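User: I am new to this structure and would like to understand how its descriptions are reached. Could you take me through it, setting each value against the rule that it has to meet?

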Amino acid sequence: MLKVMPIAAFKDNYIWLLVNPANRHCIVVDPGDAEPVIDVLKKENLILSAILITHHHHDHTGGILTLLEHDAVPVYGPATESIPGVDHKLRNDDLVFIQALDLELRVLEIPGHTAGHIAYYGAEMLFCGDTLFGAGCGRLFEGTAEEMLHSLTKISELPNNTLIYSAHEYTAANLRFAATVEPFNADIQKRIQDVATIREKNLPTLPSVLQLEKLTNPFLRCHIDSVVKSAQEQTHSQLMNPVDIFRTIRTWKDTF
Ligand SMILES: [Zn+2]
């Protein structure tokens, strides 16, 4: 049974560490900083087997080369983004097998936040970088609203029990926006309470569960009447197309 733990980095990043307790081998996802990873490897007496990268942003990749100086391990990443250190370039539906963890992950291309952004899915877990957050989604730096909505729809088609390992602790702030978009959504109100309790203890709100995201994340709810109505009120128009609804709430969130 794998153990998954967050390594906190920078202000609000999580570098996810997957450990096989039986042999102490591990992999890291999106090591933006090497130092906190090296500290944990030493402290827990772990052997790094591979590095997985979701997209090129520095807060996800900045630690790769320093980690490689310590351990020459394979580095997996998106085929269409240029990232120093990545030597296994991945495309949609590629399979990554990490033997030391007996773990197979399937690659999903999910452009929107960046043009080549990928996610890794396997063992009921999704490592989705900056595409899906607790109650939110990533900003559109390189992709279009249409691409991002398509990517989020692809994620929403995974099994409902999928654990969502996002790369930032944004859930509380995202829920304040979600409650503004859907003031009468009781699931959002309940999640606000739950997240407040978790954050009081300084614990991560992640992983989330896909089912909960479908109930509380406005960006996965562009087809739901209450979200459509709020988007229409924002633009004073009769938007109906899910892409227009998505674009409206994404733009609204950018200045919230
Ligand atoms: Zn990013």
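This is a predicted model: local features need pLDDT of at least 70, side-chain atom pairs count only at pLDDT 80 or more; totals for chains, interfaces and linings use all residues.

User: Why is α8 called roughly perpendicular to α9?

Analyst: Helix α8, which covers residues 225-235, packs against α9 at an angle of about 65 degrees, with the two axes 9 Å apart. Angles of 65 to 115 degrees count as roughly perpendicular, and α8 is therefore placed in that class relative to α9. As for its sense, the crossing of α8 and α9 is left-handed.

User: How do you know how α4 is oriented relative to α9?

Analyst: Helix α4 (residues 145-156) and helix α9 (residues 242-254) pack at an angle of about 100 degrees, and their axes are 9 Å apart. With 65 to 115 degrees as the range for roughly perpendicular, the conclusion is that α4 is roughly perpendicular to α9. On the α4 side the contact is made by Ala145, Glu146 and Leu149, and on the α9 side by Pro242, Val243, Phe246, Arg247 and Arg250. Sorted by class, the residues of this contact of α4 with α9 are 5 nonpolar, no polar and 3 charged.

User: Which term describes the directions of α5 and α6 relative to each other, and why?

Analyst: The axes of helix α5 (residues 171-181) and α6 come within 10 Å and cross at roughly 160 degrees. An angle over 145 degrees counts as roughly antiparallel, so α5 and α6 are described as roughly antiparallel to each other. The crossing in which α5 passes α6 is left-handed. Where they touch, Thr171, Ala172, Leu175, Ala178 and Ala179 of α5 meet Ile188, Gln189, Arg191, Ile192, Val195 and Arg199 of α6, and this contact of α5 with α6 has 7 nonpolar, 2 polar and 2 charged residues.

User: What makes β1 and β2 a pair of strands, and in which sense do they run?

Analyst: Pairing requires at least two bridges between the strands, and β1 (residues 3-9) and β2 (residues 13-20) have 7 bridges in the antiparallel sense. One of the residues involved is Ile7, whose bridge partner in β2 is Ile15. The two strands form a hairpin with 3 residues between them, and Phe10 in the turn has a positive phi of about 50 degrees.

User: What makes β1 and β6 the edge strands of their sheet?

Analyst: The sheet is open and has 6 strands in the order β1-β2-β3-β4-β5-β6, with mixed pairing. Within it, β1 and β6 (88-90) each pair on one side only, which is what the word edge refers to. From one strand to the next the twist averages 25 degrees. At the β6 end, strand β5 (residues 75-78) runs parallel to β6 and is joined to it by 3 bridges, with Lys89 in β6 as the bridge partner of Gly77.

User: Why is one side of β7 and of β14 left without a neighbour in the sheet?

Analyst: These strands belong to another open sheet of 6 strands, ordered β7-β8-β9-β10-β13-β14 and mixed in its pairing. Both β7 (95-98) and β14 (208-209) stand at the edges with a single partner strand each, so one side of each has no neighbour.

Note on methods
Residues are numbered from 1 along each chain as its sequence is written. Helices (H or I, at least four residues) and strands (E, at least two) are DSSP runs, numbered from the N terminus. Axes are lines fitted to C-alpha atoms, for helices over the stretch in contact, and angles run from 0 to 180 degrees between N-to-C directions. Angles under 35 degrees count as roughly parallel, over 145 as roughly antiparallel, 65 to 115 as roughly perpendicular and the rest as oblique. A crossing is left-handed if the near helix is turned anticlockwise from the far one by less than a right angle, and right-handed if clockwise. Two residues are in contact if their C-beta atoms, placed from the backbone, lie within 7 Å. Ala, Val, Leu, Ile, Met, Phe, Trp, Tyr, Cys and Pro count as nonpolar, Asp, Glu, Lys and Arg as charged, and the others, Gly among them, as polar.
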